Amino acid sequence: MKFRVSAVQYQLHTIQSFEEFADQCEHYIKAAQEYGSEFVLFPEFFTTQLLSIGSEQGTKLTINELPGFTEQYKNLFSKFARETGMHIIGGTHVIQKEGRLYNVAHLFYPDGRIGEQAKLHITPTEVHEWNMSPGDGLEVFDTDKGRIAILTCYDIEFPEIVRMAKAKGADVIFCPSCTDDRHGFHRVRYTSHARAIENQVYVVVTGTIGSLPTVDFMRANFGQAAVITPNDIPFPPQGLLVEGELNSDMIVTADLDLSLLYEVREKGSVTTWRDRRSDLYPDWEAVKIEG
């Protein structure tokens with residue numbers, strides 16, 4: 001099974017209307033469509049660009065107002081998915097449930113369905129400055145190209161959750177990210193490579209670039225998209241199918257071949273998934289079966 005994926009290095013800048021946001025998103029969608037992509041990934045927190053519109057009174061909008069755009073956002077990306085036939089991981093968008101804020105990744109299917117995965121590990125800034133709550137469960141998503149998981153930014157830095165996703169059958173991890181400096185960027189990038197090696201999966205990661213001068217904690221962004229593979233002979237030696245230019249407004253595109261994953265899991269130079277010592281630490285496949 002082969003399929004093509006694109007990842008968007010989304011350029012954040014001040015806008016005046018939702019229509020301006022929609023036009024920018026459509027630009028990336030059309031570019032991915034022209035490349036024949038079947039999946040496209042947007043970054044974490046890219047919808048904070050909507051806060052730069054400001055209020056009708058000319059005042060700044062805060063993170064608490066972002067859930068007010070949820071229906072417009074969902075309708076827009078659902079329309080994109082239906083019209084293009086692509087699966088779109090619409091980055092993350094902040095929603096409100098029972099008075100709490102959640103940072104949620106949305107998977108828009110071509111048939112109109114919408115899957116959701118809340119971010120499970122919340123950074124100190126999200127907790128203390130934005131009063132966000134963590135999600136309480138891991139989802140995997142079946143598509144006509146295989147099973148995937150969506151783990152947002154900080155999530156990829158925790159090996160256990162990716163082990164669980166692989167045990168549930170995910171072959172591709174999509175990682176929408178948002179980092180403001182080189183330190184945060186490299187934490188996400190290095191751990192994405194580690195998770196690909198440990199679990200013999202693909203990791204597709206991207207981040208925001210640009211700046212939102214009127215939106216708190218979105219004034220600095222440092223990002224780069226990449227499609228990451230295990231490090232074994234069927235793949236590039238550096239475990240990298242493609243990467244973007246740092247902090248450039250662009251998309252990257254690559255083909256994923258799931259049969260290569262199955263090959264290296266069975267008879268690779270190393271077989272990290274098969275060689276787990278489940279006598280020493282949890283066997284998440286067994287936990288899954290028992291659950």
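Helices α1 (18-34) and α2 (70-84) pack with their axes 11 Å apart and at an angle of about 25 degrees. Axes are lines fitted to C-alpha atoms, for helices over the stretch in contact, and angles run from 0 to 180 degrees between N-to-C directions. This angle makes α1 roughly parallel to α2 (under 35 degrees roughly parallel, over 145 roughly antiparallel, 65 to 115 roughly perpendicular, the rest oblique). The structure is a predicted model, in which local features need pLDDT of at least 70 and side-chain atom pairs count only at pLDDT 80 or more, while totals for chains, interfaces and linings use all residues. Residues are numbered from 1 along each chain as its sequence is written, and side-chain values use heavy atoms, with hydrogens and water left out. Helices (H or I, at least four residues) and strands (E, at least two) are DSSP runs, numbered from the N terminus.

The α1 and α2 crossing is right-handed, the near helix being turned clockwise from the far one by less than a right angle. In this contact (heavy atoms within 4.5 Å), Phe 18, Phe 21, Ala 22, Cys 25, Glu 26, Ile 29 and Gln 33 of α1 meet Gln 72, Tyr 73, Leu 76, Phe 77, Phe 80 and Thr 84 of α2. By class, the contact has 9 nonpolar, 3 polar and 1 charged residues; Ala, Val, Leu, Ile, Met, Phe, Trp, Tyr, Cys and Pro count as nonpolar, Asp, Glu, Lys and Arg as charged, and the others, Gly among them, as polar.

The largest nonpolar core has 40 residues, of which Tyr 10, Phe 21, Phe 42, Phe 77 and Ile 88 touch the most other members. Such a core is a set of buried Ala, Val, Leu, Ile, Met, Phe, Trp, Tyr and Cys residues joined through side-chain atoms within 4.5 Å, where buried means under 20% relative accessible area, exposed over 50% and partly exposed in between (1.4 Å probe, protein chains only). Two or more residues each are given by β1 (2-12), α1, α2, β3 (87-97) and β4 (100-108), and the largest share, 8 residues, comes from α1. Beyond four places in sequence, Phe 21 touches Tyr 10, Ile 15, Phe 46, Thr 47, Gln 49, Leu 50, Leu 76 and Phe 77. A second, separate core of 25 residues includes Leu 107, Ile 148, Val 227 and Val 264.

The axes of α4 (residues 159-167) and α5 (residues 182-199) come within 10 Å and cross at roughly 45 degrees, which makes α4 oblique to α5. The crossing is right-handed. Pro 159, Val 162, Arg 163 and Lys 166 of α4 contact Arg 195, Glu 198 and Asn 199 of α5, giving 2 nonpolar, 1 polar and 4 charged residues by class. The buried residues of α4 include Ile 161, Val 162 and Ala 165. Just after α4, Gly 169 takes a positive phi of about 100 degrees.

Phe 45 lies in the loop between β2 (39-41) and α2 and is buried, with a relative accessible area of 6%. Cys 153 is found in the loop between β8 (146-150) and α4 and is likewise buried, at 6% relative accessibility.

Leu 120, in the loop between β5 (114-118) and α3 (124-128), is buried at a relative accessible area of 14%. Leu 120 and Asp 155 are 35 residues apart in sequence and 6.3 Å apart in space, C-alpha to C-alpha.
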